[in-house]
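This report is meant for a reader who is meeting the structure below for the first time. It begins with the fold as a whole and then turns to particular places in it.

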Amino acid sequence: MAKVYVSILLIILLSLFILVSGDILMFWLILELCSISVLPCLLYCGKVNVEQSLVNYIFAISISSSLMLVGLVHFDFFFFLVGFMVKFGVFPFILWIYSVFIYSGSWIVCWCISVLMKISLLSVSYFIYGCSCAFFSLFVIVGLLFSGLMFWLYSVNWFSVWSHMVVSSSSVMVFILSLLGVDEFVYLFIIYLIWSTGVLLYFGVFNGLIGYLLWLVSIPFSFSFVYKVVCSYYLVGSGFCVLLFWFIYCFLEQLYLFKWLASSKIVKLVWFNSWLSW
């Protein structure tokens, strides 16, 4: 586990160093080092199919790295943006998120990729601010609809459920980032950091009904409720369509979570197992 702790510490330090890189080439280089630092977590924390998750992750970061580098070399922002979307699992470049999370079977891996790696988003605002367009909005809308429907079509365990949440959060956060400066986005990111870490701690460590209500279900004053309200606040000025589909996603997600809680298929002992599945 010492190698895992070193890997996590390295990811945090590199992510923080990205914030002061100040140069797009240095940003790309440190971001790739940060992505590579996740590999020890995949190797030593994977439980289900380590080889498959490792191959899929390496394949994804290789493609994203290549596209971003092509964009830098040829001064083509399109390739850089596509590589960036692949790196952070923004729709439609999301299949690797599902495969890595489900095949690894590790909440530590999920935390590194879906939380720690996103620290670098605070630096990306300098490069993508103001680049929102109709196609980008369309990707976000389809991504939100896709994530909401997948709760009902493909939720084989909590790793797939968390993948749906990550896909929707990535799309919304990147879209909001293109509209806001980093000074405003940092507040949303802090809330996301607290909420997502709490959800993963619930899945992997604490379990129980209270944690389910506190982190997953959007009841008043729960962390999930606060996160969704803040996202809605920032999306109000983005246009009616994106906000509408954000509400549709939230409805489908919460309906599924309430249904799971009330379903007769719930085995109460599942709340006390480290592996939550049904």
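Among contacts in the protein between residues at least 6 apart in sequence, what percentage join residues at least 24 apart? In this predicted model, the share is 73%.

**The fold as a whole**

Of its 278 residues, 55% count as buried.

**Two salt bridges**

Side chains of opposite charge can pair when their charged atoms come close. The structure holds two salt bridges, which are set out in the table.

| Salt bridge | Closest N and O atoms | Relative accessibility |
|---|---|---|
| K87 and E32 | 3.0 Å | K87 6%, E32 10% |
| E253 and K228 | 2.9 Å | E253 2%, K228 7% |

K87 forms its salt bridge with E32, and because K87 lies in helix 5 (residues 77-87) while E32 lies in helix 2 (residues 24-36), the pair ties together parts that are 55 residues apart in sequence. K87 counts as buried at 6% relative accessibility, and E32 is buried as well, with a relative accessible area of 10%.

E253 forms its salt bridge with K228, and this pair links distant parts of the chain, with E253 in helix 14 (residues 240-262) and K228 in helix 13, 25 residues apart. Both partners count as buried, E253 with a relative accessible area of 2% and K228 at 7% relative accessibility.

**S224 in helix 13**

S224 is found in helix 13, which covers residues 223-235. Is S224 buried or exposed? Its relative accessibility is 0%, and therefore S224 counts as buried. A polar contact of 2.8 Å joins its side chain to that of S218. Leaving aside neighbours within four places in sequence, the residues in contact with S224 include W195, L214, W215 and L216, together with E253 and Q254; E253 is also the salt-bridge partner of K228.

**Helix 4 and what covers it**

Helix 4 (residues 50-73) has 24 residues, and the 34 Å from its first C-alpha to its last is close to the 34 Å expected at 1.5 Å a residue. An α-helix has 3.6 residues a turn, so residues three or four places apart point the same way. The buried residues of helix 4 include V50, S53, L54, Y57, A60, I61, S64, S65, M68 and L72. What covers the buried residues of helix 4 includes helix 2, helix 3 (39-45), helix 5, helix 6 (95-104) and helix 7 (107-114). Helix 4 is followed by F75, whose phi is positive, near 55 degrees.

A nonpolar surface patch of about 1,000 Å² is made by L145, L149, W152, L153, Y154, V156, F240, L244, I248, F251 and L255. Helix 9 (134-153) and helix 14 each supply at least two residues of the patch, and the largest share, five residues, comes from helix 14. One of the patch residues, L149, has its place in helix 9 and is partly exposed, with a relative accessible area of 40%.

Notes: Residues are numbered from 1 along each chain as its sequence is written. This is a predicted model: local features need pLDDT of at least 70, side-chain atom pairs count only at pLDDT 80 or more; totals for chains, interfaces and linings use all residues. Side-chain values use heavy atoms; hydrogens and water are left out. Helices (H or I, at least four residues) and strands (E, at least two) are DSSP runs, numbered from the N terminus. Buried means under 20% relative accessible area, exposed over 50%, partly exposed in between (1.4 Å probe, protein chains only). A polar contact is a pair of N or O atoms within 3.5 Å; within protein, one must be able to donate a hydrogen and the other to accept it, and residues adjacent in sequence count only if both atoms are side-chain atoms. Contact means heavy atoms within 4.5 Å. A salt bridge is a side-chain nitrogen of Lys or Arg within 4 Å of a carboxyl oxygen of Asp or Glu. Patches are made of residues with over 30% relative accessible area and no salt bridge: like charges are joined within 9 Å, nonpolar side chains (Val, Leu, Ile, Met, Phe, Trp, Tyr) within 5 Å. Accessible areas come from the Shrake-Rupley method with a 1.4 Å probe; for residues, only the protein chains shown count as cover. The expected span of a helix is 1.5 Å times one less than its number of residues.
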